[in-house]
Amino acid sequence: MNKLIGVGLLTALLSVGAQAAENHLAGRWLLQDADSTQAKLDEAVENVAQEMNFFIRALARPVLKKQTQICHQWLLGWQAKQFQWQCDNAEIDSIPITASGEVIKKDEEGVEISGTYQQTNDAVIVVLESERGKRTNTWKQVGDNELLFTVKLESEKLPTPLTWSLTYKK
């Protein structure tokens with residue numbers, strides 16, 4: 001009996017925590033320090049490129065730069081048991097809040113992408129994986145109206161993960 005009460009209480013607390021993240025993260029977030037953003041991304045790309053073979057660097061830099069897209073605005077929200085995110089005017093992306101590694105979509109070249117959704121009291125983590133590698137997007141509330149967006153790209157073709165963070169305000 002005590003176990004059932006404990007499990008019920010834990011479930012209720014997790015549900016309240018999930019709702020707190022939804023309430024705080026939902027909405028429109030605008031990029032801060034836009035003037036230094038490109039320099040941050042270029043530095044992240046260069047740090048990974050420097051670890052690569054000299055002959056591959058020139059080919060890898062443009063590919064890595066393409067992956068470091070700057071979003072001046074994020075729209076975040078939940079609808080019908082889906083988490084949705086939109087970068088600027090791009091197409092809205094979504095993932096079921098129950099996603100745990102299953103295929104959620106195909107990219108423009110037909111490559112299957114699987115996804116995992118995780119949520120804490122102050123963050124949403126979306127992990128997208130394909131045969132090309134793994135991308136972890138984390139939207140974390142770090143202040144009343146401040147969001148830290150962090151990306152980690154991992155691939156067997158990269159000597160180290162490509163990681164960067166940007167700050168947004170509501």
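Q: What should I know before I start?
A: In this predicted model, local features need pLDDT of at least 70 and side-chain atom pairs count only at pLDDT 80 or more, while totals for chains, interfaces and linings use all residues. Residues are numbered from 1 along each chain as its sequence is written, and side-chain values use heavy atoms, with hydrogens and water left out.

Q: How many residues does helix H2 have, and what should they span?
A: Helices (H or I, at least four residues) and strands (E, at least two) are DSSP runs, numbered from the N terminus. The expected span of a helix is 1.5 Å times one less than its number of residues. Helix H2 (residues 34-49) has 16 residues and should span 22 Å; its end C-alpha atoms lie 23 Å apart, which agrees.

Q: Which residues of H2 are buried?
A: Buried means under 20% relative accessible area, exposed over 50%, and partly exposed in between (1.4 Å probe, protein chains only). In H2 the buried residues are Thr37, Leu41, Ala44, Val45, Val48 and Ala49. They cover an arc of only 135 degrees around the axis, so they sit on the same side of H2; the arc is that of the directions from the helix axis to the C-beta atoms. The face turned away from this buried side carries the exposed residues Asp35 and Glu43.

Q: How do I read strand pairing, and which strands does E7 pair with?
A: Two strands pair if DSSP finds at least two bridges between them. E6 and E7 run antiparallel and are joined by six bridges, with Gln119 opposite Val124 in E7. On to the next strand: E7 pairs with strand E8 (residues 133-143) in the antiparallel sense over eight bridges, and there Val124 has Trp139 as its bridge partner in E8.

Q: Why is E7 described as largely enclosed?
A: Six of the eight residues of E7 (residues 123-130) are buried, so the rest of the structure largely encloses this strand.

Q: What does strand E1 pair with?
A: Strand E1 (residues 27-31) pairs with E2 in the antiparallel sense over four bridges, and Leu30 has Gln73 as its bridge partner in E2. E1 also pairs, again antiparallel, with strand E10 (residues 162-169) over two bridges, where Leu31 stands opposite Tyr168.

Q: How many disulfides are there, and where?
A: A disulfide is a pair of cysteine sulfur atoms within 2.5 Å. A search of the whole structure finds one: Cys71 and Cys87, with sulfur atoms 2.0 Å apart. Cys71 lies in the loop between helix H3 (54-67) and strand E2 (73-79) and Cys87 in strand E3 (residues 82-87), so the pair ties together parts that are 16 residues apart in sequence. The link of Cys71 and Cys87 is left-handed, with -110 degrees about the S-S bond. Cys71 is buried at 4% relative accessible area, and Cys87 is buried at 8%.

Q: What does the side chain of Asp107 reach?
A: A polar contact is a pair of N or O atoms within 3.5 Å; within protein, one must be able to donate a hydrogen and the other to accept it, and residues adjacent in sequence count only if both atoms are side-chain atoms. Asp107 sits in the loop between strand E5 (100-106) and strand E6 (112-119), and its side chain reaches the backbone nitrogen of Val111 at 2.9 Å. A polar contact of 2.6 Å also joins the side chains of Asp107 and Arg132. Asp107 counts as buried, at 15% relative accessibility.
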